[in-house]
Amino acid sequence: MSLLIEDLTKKFGKTTAVNHLNLKIEKGQMFGMLGANGAGKTTTFRMILNLLEPTEGKISWNNEKINYKSSQIIGYLPEERGLYPKLKVSEQLIYLGRLRGMGKATILKEMNQWLERFKVPEYKDKKVEELSKGNQQKIQFIASVIHRPELLILDEPFSGLDPVNVELLKEAVIDLNKSGTTIVFSSHRMEHVEELCEHLVILHNGSPVVKGNIRDVKRSFGKMNVVIRAD
Ligand code: ATP
């Protein structure tokens, strides 16, 4: 079982956002996608999510072409966080869970477990707009995993978070991966990828410039303390 990306290209007019990308991400991997602004990370994720049509190439998960039903088995934390400010956290998660085909009781069970884990059980009755940005990000993270996806795509999950929340989210990501979830996440920062992933790709102007096992990559490039762009 794997996520297979074959010769993936996306053009927006004259801009080539993703340029002949080939990746094989095995089930159970934690895979890092590094790149500066405009490298093509978000565009790649949107194609994996079937939200954007590739110009060329194809994507499959477990040998099945990605299609409109894939959102049932893929979780997505988008870069532009998009919660409804006026809804209570519980209403928000029920709404998003239902879009994934879940029943209310299961949504509430998952929600309560995650809020407990993040030590904020009282948030379920708060309106999204009452929460800090960091706490809204936690809720968005819960929304992306509430249906227990097989494959989890996280677009810059740690950006804009204070160190305590970065650690909290990292631990959650590690535990999900240990329990079998395949995870692909993007970052501007090598240190996050280095800490969490065994495999990575570095994108530049839509093209993969380095990819493979992180140990091999480091051996080839020496000690990489790359901060492609500070958050
Ligand atoms: P960031 O870290 O800033 O989110 P990214 O690596 O996610 O960057 P993308 O958002 O995928 O990069 O953008 C890749 C390129 O494609 C950029 O040049 C961007 O301006 C362009 N692009 C992305 N979406 C569109 C669009 N809908 N229409 C036109 N150009 C786009």
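Phenylalanine 141 is buried, its relative accessible area being 0%; a residue is termed buried under 20% relative accessible area, exposed over 50% and partly exposed in between, with a 1.4 Å probe and protein chains only. The structure is a predicted model, in which local features need pLDDT of at least 70 and side-chain atom pairs count only at pLDDT 80 or more, whereas totals for chains, interfaces and linings use all residues. Residues are numbered from 1 along each chain as its sequence is written, and side-chain values use heavy atoms, with hydrogens and water left out.

Aromatic pairs were assigned among the rings of Phe, Tyr and Trp (its six-membered ring) with centres within 6.5 Å; planes under 30 degrees apart count as stacked, over 60 as edge-to-face and the rest as tilted. The count by this rule is 5 aromatic pairs. In one of them, tryptophan 114 and phenylalanine 141 have ring centres 5.6 Å apart and planes at 80°, so this pair is edge-to-face. Helices (H or I, at least four residues) and strands (E, at least two) are DSSP runs numbered from the N terminus. Tryptophan 114 is also buried, at a relative accessible area of 9%. Trp114, Phe118 and Phe141 are joined into a cluster by ring pairs.

A further edge-to-face pair is formed by phenylalanine 158 and phenylalanine 185, since their ring centres are 5.7 Å apart and their planes stand at 75°. Phenylalanine 158 lies in the loop between β7 (151-154) and α5, and phenylalanine 185 in strand β8, so the pair ties together parts 27 residues apart in sequence. Both partners are buried: phenylalanine 158 has 4% relative accessibility, and phenylalanine 185 has a relative accessible area of 0%.

The loop between α5 (163-178) and β8 (182-187) contains threonine 181. This threonine 181 counts as buried because its relative accessibility is 9%. Apart from neighbours within four places in sequence, threonine 181 is in contact with Gln29, Pro149, Glu150, Leu152 and Leu176, contact meaning heavy atoms within 4.5 Å.

In helix α2 (residues 89-99), the buried residues are Val89, Ser90, Gln92, Leu93, Ile94 and Gly97. Their cover includes α3 and α4. Just after α2, glycine 101 adopts a positive phi of about 85°.

The ligand is surrounded by 14 residues, of which the closest are Gly38, Lys41, Thr42, Thr43 and Glu79; a residue is included if one of its heavy atoms lies within 4 Å of the ligand. By residue class, the shell around the ligand comprises 4 nonpolar, 7 polar and 3 charged residues. Helix α1 provides the largest share of this shell, 3 residues. A backbone N or O atom of glycine 40 is located 2.9 Å from a ligand oxygen atom. A side-chain N or O atom of glutamate 79 likewise lies 2.9 Å from an oxygen atom of the ligand, and for a side-chain N or O atom of histidine 188 the distance to a ligand oxygen atom is 3.2 Å. The elements giving two or more residues to the shell are β2 (15-26) and α1 (41-48).

Conventions: Polar contact = N/O pair within 3.5 Å; in protein donor to acceptor, adjacent residues only side chain to side chain. Nonpolar A, V, L, I, M, F, W, Y, C, P; charged D, E, K, R; others polar.
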